[in-house]
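This report looks at how the parts of a protein model meet one another. Please have the sequence and the structure open while reading.

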Protein chains: 4
Amino acid sequence: MRKVVLAYSGGLDTSVAIPWLASQGYEVVAVGVDVGQPGDLGAAVARAETLGAVEARAVDARARFVETSLLPALAWNGLYQGRYPLVSALSRPLIAQVLVDVARETGATAVAHGCTGKGNDQVRFEVGLGALAPDLEVLAPVRDWGMSREQTVAYARERDLPIATTKDSPYSVDENLWGRSIECGALEDPWVSPQPDAFELTVDPAEVGAEPIEVDVRFEQGVPTGVGGEDHSPQNAIAAMGKIAGAYGFGRVDMIEDRVVGIKSREVYEAPAALALIAAHADLESLTLERELAAEKRRLEPVWADLVYKGLWFSPLREALDAFVALSQRSVTGDVRLRLTPGGCQPIARRSDVALYDDALATYTDQDSFDHGDAAGFVRLWGLPTRRWAKVQNRK
Amino acid sequence: MRKVVLAYSGGLDTSVAIPWLASQGYEVVAVGVDVGQPGDLGAAVARAETLGAVEARAVDARARFVETSLLPALAWNGLYQGRYPLVSALSRPLIAQVLVDVARETGATAVAHGCTGKGNDQVRFEVGLGALAPDLEVLAPVRDWGMSREQTVAYARERDLPIATTKDSPYSVDENLWGRSIECGALEDPWVSPQPDAFELTVDPAEVGAEPIEVDVRFEQGVPTGVGGEDHSPQNAIAAMGKIAGAYGFGRVDMIEDRVVGIKSREVYEAPAALALIAAHADLESLTLERELAAEKRRLEPVWADLVYKGLWFSPLREALDAFVALSQRSVTGDVRLRLTPGGCQPIARRSDVALYDDALATYTDQDSFDHGDAAGFVRLWGLPTRRWAKVQNRK
Amino acid sequence: MRKVVLAYSGGLDTSVAIPWLASQGYEVVAVGVDVGQPGDLGAAVARAETLGAVEARAVDARARFVETSLLPALAWNGLYQGRYPLVSALSRPLIAQVLVDVARETGATAVAHGCTGKGNDQVRFEVGLGALAPDLEVLAPVRDWGMSREQTVAYARERDLPIATTKDSPYSVDENLWGRSIECGALEDPWVSPQPDAFELTVDPAEVGAEPIEVDVRFEQGVPTGVGGEDHSPQNAIAAMGKIAGAYGFGRVDMIEDRVVGIKSREVYEAPAALALIAAHADLESLTLERELAAEKRRLEPVWADLVYKGLWFSPLREALDAFVALSQRSVTGDVRLRLTPGGCQPIARRSDVALYDDALATYTDQDSFDHGDAAGFVRLWGLPTRRWAKVQNRK
Amino acid sequence: MRKVVLAYSGGLDTSVAIPWLASQGYEVVAVGVDVGQPGDLGAAVARAETLGAVEARAVDARARFVETSLLPALAWNGLYQGRYPLVSALSRPLIAQVLVDVARETGATAVAHGCTGKGNDQVRFEVGLGALAPDLEVLAPVRDWGMSREQTVAYARERDLPIATTKDSPYSVDENLWGRSIECGALEDPWVSPQPDAFELTVDPAEVGAEPIEVDVRFEQGVPTGVGGEDHSPQNAIAAMGKIAGAYGFGRVDMIEDRVVGIKSREVYEAPAALALIAAHADLESLTLERELAAEKRRLEPVWADLVYKGLWFSPLREALDAFVALSQRSVTGDVRLRLTPGGCQPIARRSDVALYDDALATYTDQDSFDHGDAAGFVRLWGLPTRRWAKVQNRK
């Protein structure tokens, strides 16, 4: 009998997928991967066996997620279309890797995910799986059975499946250590503002006291190692930053984004840790990266974010880009002071032992060491091409 | 006798420049250009004659500034290094144009500006003047006389020049309709946060009441024509937006930036109108620009911002880029709802008659018109190159 | 009965498509579009009626092809992956436009093309048709019937279809005014060099006499208007250039290219006119385009080539890019001298009334008008960021 | 007494520089660096002592030049403005490094070069020296003494300096293992074609017999290791390729280029080895680099070429880019067959054990393993954004 490893979240779709896959003649190994989502993954995984899985296991991938996914994302200031910190896009490749590991271990010949046909996650899973294990069959039961959400619910009710429906959320949510995405329901109308019940990681700014606070963030070679004056492992730094920023109502994103499959969708995110750390990290880079390196890195940042968003994590381009960024981060060491206001977050000070800022050059006082005479020649040559252009135009 | 047209701000440097230029054998025509800065330009200009100008005039360039400079900047979501809305960079080319106009009218053979040798404005003036009037001599007395700020003050005191020193600001400030830059003094240390006295357009977020407000902004083909439900001319829309956002403490920027002359400098700005309008405009573009056009425009936005920052306003590249952006803005019509919190500003809703968002495609309900079967084929071909790559790698 | 407009080439696939579409219940209107391919299009179209078309017509689209497709391609120096001058990619959108025109005129509700499922042309047709006429049904019989080339031949033989098989070419060929592509057969092995019989527009360089020739090409605002000292319409200039360069064995391209559908394919082209004109045009741009405009145009050239290759001709991005390029071409007026050797083509001289080259600046003689003193200041400031970087690194 | 290390070429300018520097109070250490230029460097260096140098030495830097400069340039297919293989731009940083090494060893406090104020080499020397040794004084006697070429000759004659003027070349030439640049004289007029006497590495194509030849080039991880069926060290592969291509008249470039100092100049180069190897290398990449990696690498290639051209070799950006390219070259292993015609060079076949080309996918025969059904879904989703755009436009 064929064995399939299913990426199991405990939610409606992947729960229904277990009996459905079994009905197609598969033995199902259900794997729940802990990337920092809330809820009792152990209980969920236990339920998978009740639903008919021959085996079910939970894998704690949090430390690996930080190391292999979140730190590179931070080094790249990774934001898709300038705004979305790639929350789910970062976890899917890691989950794909775990699926492949379990398939190898259990002798499965197939892997399965619970994504629909219009989202991005199917792309991330399938392209990732194709790169990691081109020999494995990939099943997408939710896409292939063609049931709408309503029909899936009916399928579960008819069969009396033990689905967790305690909290009947109007939203479809994905969460991990880097943030949380909220979709569906009323949010499908882009002219309707998100309701307060959509958010869990960020307090409503209206509920935050007016007094701003200041938080210092420390980076060593691009890696966050301190928040608010305390030393932290990177994973704890992310958690600490998320708590502080979320408590100030900072980190919400409400955007229209272009999905890989060609449609525009309205997406709501909250990612207080990711967005505050990126703000601090980018600010420290402005102090410590040489001008041309900084400019090229800024041009490459959306390239990296795009490829991760579009499911090309396991591609030679990502490896090559990550070699570039690794070099760039050697000097990104120092402290940034963030000022948090209700719903806002701004760097207001920064320092570094390897700062490229030079007071003696920048000052307008008597201490000035900049040779102003150099500037005249510089400006004349800098403007030479347009001056020549203008002369030729005028001559016409 | 040679005649020079001086860009006159009424401040210390350009005031001292008048007697200094006269001492070099020039007749000085002082021109104050109103681009929305505060203060009594008429009084300042009158003082210029006392200082020795043979002629002094004020030119109201505000409407022209909006039309030729600020609307293109908004269409481009123009931010240097992702943060600075180009406040002074936008006004300098227009002032250069006014200087040339006055030089032609008065028969002057030279123009002069009061910039130092380490800032960006000398570049913008001189490259602009070289493009507009390659025949005119360009003088930069402040750069050339080599006096520090302290020495300039001493020069004025010795000669008893009628300089306005009523409010002895610790900062060097430039302001126009698009925002305000604040430099020098304590701000030269990037680890020292700006003091409250640095800001005039934005209230301290700590002083703002906690209750967020929502403001609708309307654009017609990329041009702001309504704020808060009221119709406005673009100039008034900018002013209205600035007042609302400034009252919420939004619009401050504190950054390290790479100057044209190769040094890093710490810069503090406040630009509530510019930053709120850019947030709204970019959000509306996400709803109304086709994916590939939007992606290429995002790549070109820093190109435009860079060239404006670096003084190449009067270059054929800007003309060509502006032809690109003009086409793109034809469909940027609609409304965006901004939510302002103390120090924060976020789009939370948007709509347009030409929205490319399509509910029937985006929904997860039974109304879904997206063919999920298409996705499987799409994903397989999208992942084909990396799958092939992985196969070849594994074979090795 | 449903009516379909078929893009009819007279070749095997589209000939077989006529009876096949009829068997599916369609009335077939066959349209042959003349974009400069060889052969008797009238005779081919007449044969379509014998094959069962209810109507057949030939449309001469050559002048329109030059104006709307080839001149923009030349302005962009359009080369996919730096080598392929987009021959077929340029004709497909125009043919799609003709199909839609005929469908509107004849009341057809469908259009059909003869492309397979692994080539690029299906993408160009279908994306183009979707943009031009989203209401029309699009049929791809050759892709959908799933017959291999061998099976298609068998289908025709069994039914005794009057297919032109006089010259049993081992290749699959597409040709128009801009060049010719040659695929299939022995060329599918990338380690096998093309045989002489693959080429028709270019003489084998081994057959060309050794003596190089020189040809002057004239452009007015980016449009070729003279070749070899004679004035020409653009269409004739293209033809004249093609003859001269082809006779010297210049214009062959042998490459591996990335298709839209994700596979690498080996492609052989000959495009003597396109490649010689692009060489001349790009050279003239180096003389007449201002530095920054030229640099940005070079960055955008592959963007334009990519979107055309990938079927996005009827996209708002192309319109916006074409507005950019139109501005850039205003000054691309002048003459370029090409030197043709067997299989080679090099610009060896160029001149323009609006040349930005300035002898007085460029000379190393006594006539030098360049201020060498400016350079020292320029170089110091240009190198300031790396010098500062090095100082900080050394300090560590 | 202050000691200066002079980059000594044996030519007019650096010969005159020795007594001139001495007259300014310096002890001159003359260093000739062998990067593959022709001529007797030992004799030239000996002459330096006659001219007044306190010490003179020749340094053979050829192996180091290949390893640190030419192989990266080939990996990047490095061409400035798409045409110039960076010949001199590559040698200057290495020479700067040698100067610094000698200065450290001899206790010199200054280094000197013989560049003028309008070329690029001053930038490469001075920015490089500033990065390597910010403490050393940098002298540019030729730029600073302000003598024209005529005046320099006069200076030498008046003082009876033992300058090598045996062959009174009308050109200013720079040569190394990667190629040769030819400037000045009649070449300053861009409408005058170069005369045969300008070239030494390439035979006039008119003198080459008509019969094309084919040459196989082998690369291992991007490094050339075989030419014409024989194994070679990289340095010998470069030499062998240069001989073969030069004998076929291939490798000449005649172009207008934008110099760093803002002027356009007419430049003539011959670089048979560089251009033939780049053609072969780029072709092999098209077979072995994954699509997205290849696309991004092509975008970065001009970035690398620009920074090398502009003197930023010793910058952190180059290090980061070189980390990117190193990853990319891991799979660039295989053979390319070049066909040389008089003045022309084309890849006509290529193979690799790690080729990403897949016959089973690419073929149009019965062996086809591509699922044509996938294409329909792919094309529909690929065209979805423009189709949606068109629908909204039509609705208006």
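## Basis of the values

The model is predicted, so local features need pLDDT of at least 70 and side-chain atom pairs count only at pLDDT 80 or more, while totals for chains, interfaces and linings use all residues. Residues are numbered from 1 along each chain as its sequence is written, chains are lettered from A and ligands numbered from 1 in the order in which they are written, and side-chain values use heavy atoms, with hydrogens and water left out.

## Two domains in chain A

Chain A is assigned domain 1 (2-167) and domain 2 (175-351); such bounds come from an automatic or database domain assignment. The centres of the two domains of chain A, taken over C-alpha atoms, are 25 Å apart. In the contact between them (heavy atoms within 4.5 Å), domain 1 of chain A takes part with 46 residues and domain 2 of chain A with 53 residues.

The size of an interface is often given as the accessible area lost when the parts come together. Domain 1 and domain 2 of chain A bury about 4,200 Å² between them, with 70% of this area from carbon and sulfur atoms. Buried area here is the accessible area (1.4 Å probe) that two parts lose on being put together, summed over both. On the side of domain 1 of chain A, 21% of the area buried against domain 2 comes from A:Leu74, A:Trp76 and A:Tyr80, more than from any other three residues.

How many salt bridges are there between domain 1 of chain A and domain 2 of chain A? The count is zero, where a salt bridge is a side-chain nitrogen of Lys or Arg within 4 Å of a carboxyl oxygen of Asp or Glu.

## The pair of chains D and B

Contact joins 28 residues of chain D with 28 residues of chain B. The area buried between chain D and chain B is about 2,600 Å², with 67% of it on carbon and sulfur atoms. D:Leu381, D:Arg388 and D:Trp389 supply 22% of what chain D buries against chain B, more than any other three residues.

## Salt bridges

Between chain D and chain B there are four salt bridges. B:Arg380 forms a salt bridge with D:Asp374, and their closest N and O atoms are 2.8 Å apart.

Over all chains, the count comes to 141 salt bridges. Within chain A, the side chains of A:Arg318 and A:Asp322 meet in a salt bridge at 2.7 Å, N to O. Both A:Arg318 and A:Asp322 lie in helix H11 (residues 316-329) of chain A, four residues apart, which is about one turn of the helix. Helices (H or I, at least four residues) and strands (E, at least two) are DSSP runs, numbered from the N terminus.
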